[in-house]
Amino acid sequence: MENNFDQIELSKIYNRRRNDRDIFQDLMPFKVKELLLVATYYDSYSIVREGRFFDKIFGEYLQLNLITAPRITSVPNTDEALLAISNNEYEMVILMAGVDMDTPLELGNKIKKIKPSMPILLLVNNNSDLRYFGESNPMVSCVDKVFVWNGDSRVFLAMIKYVEDKMNLASDIEVGDVRIILLVEDSEKYYTRYLPLLYSIVMTQTQNVMEDNTPDQTHKILKIRVRPKIRLVSTFEEAVEIVDNYIDNLLCVISDVKYKRNGIHDEDAGVELIRYVNSRSSIPCLLQSSDIANKQRAIEVNADFINKNSETLSHEITLFIHQKLGFGKFVFTNTRGMKIATASNLQEFIKCIEEVPAESLLFHAKRNGISSWLMARGEINLAKRLRPYRIEDFDSSNKLRHTILNIFEEMRLERLRGSVITFDKELVSNNRFISRIGEGSFGGKGRGVAFLSNFIENIDFETIIPQLNIGIPATTIVGAGEFSEFIESNNLATKAYDERHFQTLKTLFLDASLSPEVSEQLWQYTEVMTQPLAIRSSGLFEDSLLQPFAGVYDTFILPNNHPDQQIRYNQLTTAIKLIYASLFSTSARAYFEAVNYKIEEERMAIIIQQLVGHRSGEHFYPHISGVAQSYNYYPFSYMKPEDGFAVLGVGLGKYVVGGEKAFRFCPKYPKLELNSIADQIKDSQTHFYALNLNDSGLELGQVGEDATIEKLSIREAEEDGNLKHCAMVFDYQNDRLVNDFSKRGPRVVNFANILKYDYLPLAPALHLLLRFFREAMGSPVEIEFAVDLENGRRNLPTLYLLQIKPLIRIENHVDVKFDHVDMNKTLLKSTKGMGNGIIDRITDVIFMDVNKFDKTQTEVMAAEIEKLNILMEEQKRDYVLIGPGRWGTRDKYTGIPVLWSQISRAKIIVEMGLADFPLDASLGSHFFHNVTSMNVGYFSVHHNATNEWVNLEQLYHQPIIHETNFFKHVRFEKPLSILMNGKEQQAIISWSE
């Protein structure tokens, strides 16, 4: 029966969190990219001044950190203007009115007929010309606004921004809740002066974000888009419309006293507008007038006043903006106006909130000064979170202070979720984001972990799977740039690539030093982190889409619990250096040669993850570790390959990825089980791996990556109380499995309480995640995970995602048929085969002499096959490899524990069951990943099956090329015919005479 999660579509529930950065990118959808300037040669000359005009415009944009200046096309007459309008796309037109004042208006009317919505602004040479363009001139209706050329190139910037703000106002408020400065002025002379000034102040304010302590330069630049919009209107009705529609977004109102109201000039229009605004909200207002007598009227409506004729008009407007709107530094004052503290950036602001007296905090909170200042700095979400609070909500200033600081901290962590942050020792134990140390790539595994972090933070799993937490362990990544620095600064380049004695090379690496910057941050890391750690390699090629480098490099598990920080630091840096050295190990070199890659091209990042699990006595391990793949090459019953599979085991994941006897199931059908109880007992997990927390005398360099790992009987997990939901007991008397550990009998690790009796929705969660990740990555995937059954966040168990990798097969998608195969000449037939295509160039077969097979000597067999593989590598010959049990398993009693580099020339790998050595259901994850990624055929042949076989008799009759104690290498006279039908999982190898 399919679970309900099959109906959930990723595109419907992937709701990428809209942080400030996302909002910034959605703001200002309308941008003036192309501007048409129509000016006579003479007028153009008077403005351009020997060609420097465009440089000035561009310079204004650069000075204000605006990303792109519009391209300005200048044409001298009506014909060229109309031709340009017809053939090109422009966002706005500026008409210059010089000596000839009629032609520009005639052109404007013609343009409006062609493009009615085109913004057209008129620029006149001097104030005296304004009379001609008054309302009495019917031709002026084609012009949206008239400006005066005053010799300042900033007027063009203001004209462009006026159009952009008018077009973007509604959408930017909806998307980003941006603020508005409302300017009510009907005098072309004055608004031509005010607008460039206001835009300069606003744009300069946005540059203050450059002082913030954040390395994200793109984020800083995007903040420019959240600047307040300046909306210029000229009548009382237009102003009231803005107030009514956007009262909550108004930063301030700057208004003239006299302008049109109900179609006629009204001496009280500005004062009445301020009264209306005050009835709706308490925001700063400024009245400006040429009549100094209006100052008293401004006081009566609680507004500031500026004399239009003042010699310091620009300075007074600037002062008003900075003092009243939160621009510039935030000055904390007491109720008497005395300065107490000053904050120039967000960090200083938070410190002031913590320290200023209660009266100052209340004074600014009552006036919305805090949220205004935050909004002015582009802190949209933070300002919006504070906005609903009122002073009346708090019965003490301490609660107000505590609430503000809590919101700051919540928002700081909220915006980091799913992202990669610069290392901060106070945040290394947080698992909602990734910490970065050093520069450079994260490598394949690191990219996968970063993807996991970002992905799961953008899906509301708490709603979809409410009974289970899903997350990643606290993770810090050392960038691959440190590896390059380590090699170069310690003069290891030549030695690392030339030295073939690996122990000598490890000593050189251990004696070398990490960079001072990374060393300092790792020291800070160990200062605060005392939990067990997994130190993993993350090469550029590891777990990537096209390279199968899985399990090639070392991983170290550290107790990290020594009371001496110096010892913890030394262990951590030793592990990192040994992982660096593992790139040059014998097996890694052989692997690079096998896949035809240059070792010089590889770079190594390091993943430092908090180990999932709990302490049990002197050991530490997770309740469950597992691997899940979205494609199952061995489905049975009604399962389909696309349903995937998962493998679970108790203890550290080393057990599962190593291919030992773990529990395999289909996440879509977790209750489907065809094995008999006898088979379940025989195939059950009997031991597990755990971290030894006693790190005295820890010798990572000598012992290697298993220095801290202990192999323990499954009985010890039961004594620790950790088998409660992971195993059942075989009841001899009733021939059944029961969940009663008081009974004597074999323990069968089958996770029945979780998978069959729904104690935990692990199977549905894995099924959903595999489907989502397959879609998100565009390929089949494999995830490694661990489960903590103890209550964590929300008092629920947690599924931790540790790694993700693409599972790629570059297959030859041909339709393979077996109709013409002579079954009398078949060397092999398998009904469980991976791979697709036809191979007709291999003549060599290396196979196990089953008469000599000894399951206690599998490690010796691995060494023998390695020697044969070296010979095949030297001759550049591929071969078919046939042997009992699982290839690549870490359990030497279920198969031959080879590394991939030891059989790298095998193009076809066959696992064969024997009477006393049946095939086990597990397969090493890393080995399997390399097999599938490199498109190696992998066939299973069960003992005494009627529909599959290996023709050993034919193999024994072939001429022997090489022979070891356990293996024979034979060569056929003609190439074998290898047919693989991946869709039907059928495979046949036949010979010809």
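The legends below describe close-up views of a predicted model.

In this predicted model, local features need pLDDT of at least 70 and side-chain atom pairs count only at pLDDT 80 or more, while totals for chains, interfaces and linings use all residues. Residues are numbered from 1 along each chain as its sequence is written, and side-chain values use heavy atoms, with hydrogens and water left out.

**View 1. The open sheet of five strands.** The strands (DSSP runs of E, at least two residues, numbered from the N terminus) follow the order β7-β6-β8-β11-β12 with parallel pairing, where two strands pair if DSSP finds at least two bridges between them. Because β7 (229-233) and β12 (304-307) stand at the edges with a single partner strand each, one side of each is left without a neighbour in the sheet. From one strand to the next, the twist averages 20°.

**View 2. The pairing of β8 with β11.** Strand β8 (residues 250-256) and strand β11 (residues 285-289) run parallel and are joined by four bridges. Ser255 stands opposite Leu287 in β11.

**View 3. Helices α24 and α25.** The axes (lines fitted to C-alpha atoms over the stretch in contact, with angles from 0 to 180 degrees between N-to-C directions) of helix α24 (residues 516-528) and helix α25 (residues 565-582) come within 9 Å and cross at roughly 125°; the helices are DSSP runs of H or I, at least four residues. The two are therefore oblique to each other, a class for angles left after those under 35 degrees (roughly parallel), over 145 (roughly antiparallel) and 65 to 115 (roughly perpendicular). Contact, meaning heavy atoms within 4.5 Å, involves residues including Trp523 of α24 and Tyr569 of α25.
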